[in-house]
Amino acid sequence: MTIGVLGGGQLGRMIALAGYPLGLRFLFVDPSEDPCAGRVAPVVKQHYMDAQGVQERLRQLQVVTYEFENVDADSPWLAGDVDVYPPVEALRVTQDRLLEKRCFRELGIETPTFTPVDSDSELQGSLSRIGLPCVLKTRRFGYDGKGQSVIRTVDDAAEIEIHAACILESFVQFDRELSIIAVRGKNGETAFYPLVENEHRNGILYKSISPSPNVSKSVQSLAEDYARRVMEKLDYVGVLAIEFFQYGERLLANEMAPRVHNSGHFSIEGSDTSQFENHLRAITGLPLGSTGERGLSCMINLVGSIPDIDKVLAIPGAHLHLYDKEPRPGRKVGHITVVSDSRETLELTVSQVEALVG
Ligand SMILES: Nc1ncnc2c1ncn2[C@@H]1O[C@H](COP(=O)(O)OP(=O)(O)O)[C@@H](O)[C@H]1O
Ligand SMILES: [Mg+2]
């Protein structure tokens, strides 16, 4: 069976690596010069809206998925006779922060207060409604904190020029950030990983701990319930990630991704079945695998540079994943996961890793 994957970054690469033991084959589509999934599977170098040759290619595929949610929902790759999972509607909703937040609200899922803002004059008017501090985000194409400005004063707002449709949100004084990785099969079967605690640096995920320490049963069930509501509403098949701000026993949904997610990378070594394998199981109609923990995990992203590999690999229990990408400031080039059976060993090993990562 050959699976078409739109987007050839590290998420696609790890999807393929998880699919080979299941006997699956992959074909990536990516317009960029040298996508890192291209080292492990063939790539069609083509813009997602270019229809040239797409119908013939689709005939070789059994299912199409995506690892990048900014693929245009009208792409010809998503409009053939081949099944697309997660469904295109999930792509439409999640690629627009306004539709995404409205979807959460319709399902009774709490979010920060928000309002659409399309012009400088609308921004002035919306400030009093949302209150200070607040965050202005472009509705589309933002990632790793890009396309966002925190507004702390009226003067901050006066300096902003709006060039794209935006959403203005209240700035949440959260206790911490958590995310849930959920998966739903074609038959409606669902499975959930434990809530992960995420630490961001400069808007980019730096570290994820799974399971997140001190999560009550009721907060875990709330997250699962929220994810289930979204997946049922969207008739979802595949892995879905939702990012939350935790505030006491409340979870405010920040955003969701209709794909495997950086905060789920721990699952390669830390879970019975990785998020990548479970995504593939779901979209190919196979039974979902156990999301049970193999221990306490911590994942640290390698952003902008690669540490001394010899030293990383000399740390017992450190698992190195390099994406074969040229290091550049702010670019994710790999990650390291540590899995331990005690909190003490985990913390000790993670501090050894962090000393190298800097
Ligand atoms: N409303 C908010 N209140 C407080 N912090 C926020 C808010 N929105 C975003 N952030 C911070 O910025 C990070 C990135 O924002 P996010 O909306 O997740 O966009 P991205 O697509 O770039 O990940 C969040 O993980 C969080 O740390
Ligand atoms: Mg985010």
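1. Val350 is placed in helix H11, which covers residues 343–357, in what is a predicted model throughout. The residue counts as buried because its relative accessible area is 5%, under the 20% that marks the limit for that class. Leaving aside residues up to four places away in sequence, Val350 touches Lys207, Cys298, Ile300 and Val338. The C-alpha atom of Val350 is separated by 32 Å from that of Ala282, a residue 68 positions away along the chain.

2. The C-alpha trace spans about 55 × 55 × 40 Å along its principal axes. Buried residues make up 56% of the chain, and of the contacts with a separation of 6 or more, 61% are between residues 24 or more positions apart. The accessible surface comes to about 15,300 Å², and carbon and sulfur atoms account for 48% of that area.

3. As to architecture, the chain holds eleven helices and 18 strands. The domain assignment gives domain 1 as residues 2–84, domain 2 as 113–170 and domain 3 as 176–357, and the C-alpha centres of domain 1 and domain 2 lie 34 Å apart.

4. Helix H1, residues 10–19, is mostly covered, with nine of its ten residues buried. Among the buried residues of H1 are Leu11, Met14, Ile15 and Ala18, and the list also includes Gln10 and Arg13. The cover over the buried residues of H1 includes strand S2 (25–29), helix H8 (267–270) and helix H9 (275–283), together with strand S17 (318–322) and strand S18 (332–340).

5. One joins Tyr85 and Pro86, with omega at about -10°, and Pro86 lies in the loop between strand S5 (83–84) and helix H3 (88–94). Another joins Ser210 and Pro211, where omega is also about -10°; Pro211 is found in the loop between strand S13 (204–210) and helix H7 (217–233).

6. The loop between S13 and H7 also contains Asn214, which has a positive phi of about 55° although it is not a glycine. Asn214 counts as exposed because its relative accessibility is 73%, over the 50% that the class requires. Asp324, in the loop between S17 and S18, likewise has a positive phi, near 60°, in a residue other than glycine. With 44% relative accessibility, Asp324 counts as partly exposed. For context, most residues other than glycine have a negative phi.

7. A last point concerns the surface, where Ile306, Ile309 and Leu313 make a nonpolar patch of about 240 Å². Ile306 lies in the loop that runs between strand S16 (296–303) and helix H10 (309–313). Its relative accessibility is 36%, so Ile306 counts as partly exposed, a value that also passes the cut-off of over 30% for patch residues.

Conventions
Residues are numbered from 1 along each chain as its sequence is written. Chains are lettered from A and ligands numbered from 1 in the order in which they are written. This is a predicted model: local features need pLDDT of at least 70, side-chain atom pairs count only at pLDDT 80 or more; totals for chains, interfaces and linings use all residues. Side-chain values use heavy atoms; hydrogens and water are left out. Patches are made of residues with over 30% relative accessible area and no salt bridge: like charges are joined within 9 Å, nonpolar side chains (Val, Leu, Ile, Met, Phe, Trp, Tyr) within 5 Å. Accessible areas come from the Shrake-Rupley method with a 1.4 Å probe; for residues, only the protein chains shown count as cover. A salt bridge is a side-chain nitrogen of Lys or Arg within 4 Å of a carboxyl oxygen of Asp or Glu. Helices (H or I, at least four residues) and strands (E, at least two) are DSSP runs, numbered from the N terminus. Buried means under 20% relative accessible area, exposed over 50%, partly exposed in between (1.4 Å probe, protein chains only). Contact means heavy atoms within 4.5 Å. Domain bounds come from an automatic or database domain assignment.
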